[in-house]
4 protein chains.
Amino acid sequence: MALKMSSEELMEFIGAEFPQVKEDFIIEGLADKRITVRMPVAERHLRPGGTVSGPSMFALADVSVYLVILAMIGPKALAVTTNCSLDFMRKPAAGVDLIAECRLLKLGRALAVGDVLIFSEGMDQPVARSTMTYSIPA
Amino acid sequence: MALKMSSEELMEFIGAEFPQVKEDFIIEGLADKRITVRMPVAERHLRPGGTVSGPSMFALADVSVYLVILAMIGPKALAVTTNCSLDFMRKPAAGVDLIAECRLLKLGRALAVGDVLIFSEGMDQPVARSTMTYSIPA
Amino acid sequence: MALKMSSEELMEFIGAEFPQVKEDFIIEGLADKRITVRMPVAERHLRPGGTVSGPSMFALADVSVYLVILAMIGPKALAVTTNCSLDFMRKPAAGVDLIAECRLLKLGRALAVGDVLIFSEGMDQPVARSTMTYSIPA
Amino acid sequence: MALKMSSEELMEFIGAEFPQVKEDFIIEGLADKRITVRMPVAERHLRPGGTVSGPSMFALADVSVYLVILAMIGPKALAVTTNCSLDFMRKPAAGVDLIAECRLLKLGRALAVGDVLIFSEGMDQPVARSTMTYSIPA
């Protein structure tokens, strides 16, 4: 399928609609039903001991699926997350960005399902795994 | 089972270990394997349109389960979330606090499982549902 | 909300549409958005050691949510499960029926979400917990 | 990591410990932290209309993760599923076997997490996705 939005258009859309989250995420790669998103880890994402907080990893997974859906269907701010599963498997490395590798497994008319692996940059094994279901307005 | 920590002791512990999250949560009720936690909704939790962000609801569910586990087993900062499921079912009301009603369904030696319903204050129907599994260090 | 189907009508519908599962389940209680379903545990549900198999518990949770949805909206065989989360928390007691206590947390036009606790009959603590999302055809 | 059990040893173990499930599954491929399992779809797995039942897909995902864990750690019948998430995304094709592609994402001392995509044989898009967490006895 052809992409309906480029990385630049996606970031512009996010900056306009969700200005408070824009600075947290950088699109590193975008292709048919696939996206790679970097979260530059900052002080506000951390827990004591230098580990990245759960809500920050949730946000990274959620935004990654949202962006790849928008890339496929065009700018629809009203797509909303209806379900999420998340497995936290390893402690993220301290002082290192997180990278989300996301695939869209289903893109239906009403529901979309995306799968995400989150890595500490430079590490082989994922720190977390997530699946997000989005409801797409008619 | 007797509680090993009171609401005051829990909030003191959170203030010392996780100062950045303390101001987001207020314990409204605490009993055997049950806790009620309020999230005073502030600007930083919102998305355009006045709805509360997904990461904020994740954080509320996660903290609620963490607090009720600590209340039962005493202060163990190292308990970590290993799994989460979340269903977002309704849009939270604008300008209204969120209330999490949490039950601990299992408290084993190694794993604990807590269930959470999140409500917009004053509404009958939950806005979200979550289950969190924590791994408890030996 | 008024129920659109009684326990008897539900079992008749299941017997006609899903004859192979009918004998596995008995409706013990039915009310607005609530249902209690018994699974008479038979040899075919067991694993070595007398424990009930995971697929059998999945089936019990899934059927319970399906039945309570049908009770609320009437006979629509085409409602399908889109998402499931399941926590297995304790070993079921040997030689004892399972009882599912199910609440419908959301009944929208397109999606319904039901929550289930599964007990070994006569025990206080649940053996499993599940949430099921159903997609309802227009 | 070296495999501790071959496909043949795994099937022999399953045949001895879980004779009632053995005939349902065939190992098609086995490698470091990866397994491919076929479920020859039979009448007993079907729902009206020819679709494969949810419990059958649950069983396929669950067995796949169990087998790849055993392949890595050796025969430990007591590993038990503690958590499962499942997304049903498409209707399985009628009269066609199901194929599970499974990766072990984490293999810790106490917990293992495996991810599964289920396909109708010969189709590109997965019919279902699942993650299973197993607790491994000490």
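## Strand pairing and symmetry in a predicted model

In this predicted model, strand β1(C) pairs with strand β2 (residues 34–39) of chain C in the antiparallel sense, over 5 bridges. Within this pairing, Ile26(C) stands opposite Arg38(C) of β2(C).

These two strands belong to an open sheet of 12 strands with antiparallel pairing, whose order is β1(C)-β2(C)-β4(C)-β5(C)-β6(C)-β3(C)-β3(D)-β6(D)-β5(D)-β4(D)-β2(D)-β1(D). Its edge strands are β1 (26–31) of chain C and β1 (26–31) of chain D, each of which pairs on one side only. From one strand to the next, the twist averages 20 degrees. Helix α3 (residues 54–73) of chain D packs on the sheet; among the strands it touches are β3 (80–88) of chain C and β4 (98–107) of chain D. The direction of this helix makes about 45 degrees with that of β4(D).

Strand β3(C) has 8 of its 9 residues buried, and is thus mostly covered. The table lists the pairings of β3(C).

| Strand pair | Sense | Bridges |
|---|---|---|
| β3(C) and β6(C) (residues 128–135) | antiparallel | 8 bridges |
| β3(C) and β3(D) | antiparallel | 5 bridges |

In β6(C), Arg129(C) is the bridge partner of Asp87(C). Across to the other chain, Asn83(C) has Asp87(D) of β3(D) as its bridge partner.

Chains A and B can be considered next. Chain A is superposed on chain B by a rotation of 180 degrees with 0.0 Å of shift along its axis (RMSD 0.0 Å). The two copies are therefore related as by a two-fold rotation axis. Both copies use the same surface, since 100% of the contact residues of chain A recur in chain B.

Terms used. Residues are numbered from 1 along each chain as its sequence is written. Chains are lettered from A and ligands numbered from 1 in the order in which they are written. This is a predicted model: local features need pLDDT of at least 70, side-chain atom pairs count only at pLDDT 80 or more; totals for chains, interfaces and linings use all residues. Side-chain values use heavy atoms; hydrogens and water are left out. Two strands pair if DSSP finds at least two bridges between them. Helices (H or I, at least four residues) and strands (E, at least two) are DSSP runs, numbered from the N terminus. Axes are lines fitted to C-alpha atoms, for helices over the stretch in contact, and angles run from 0 to 180 degrees between N-to-C directions. Contact means heavy atoms within 4.5 Å. Copies are superposed by least squares on the C-alpha atoms of residues with pLDDT of at least 70 in both. Buried means under 20% relative accessible area, exposed over 50%, partly exposed in between (1.4 Å probe, protein chains only).
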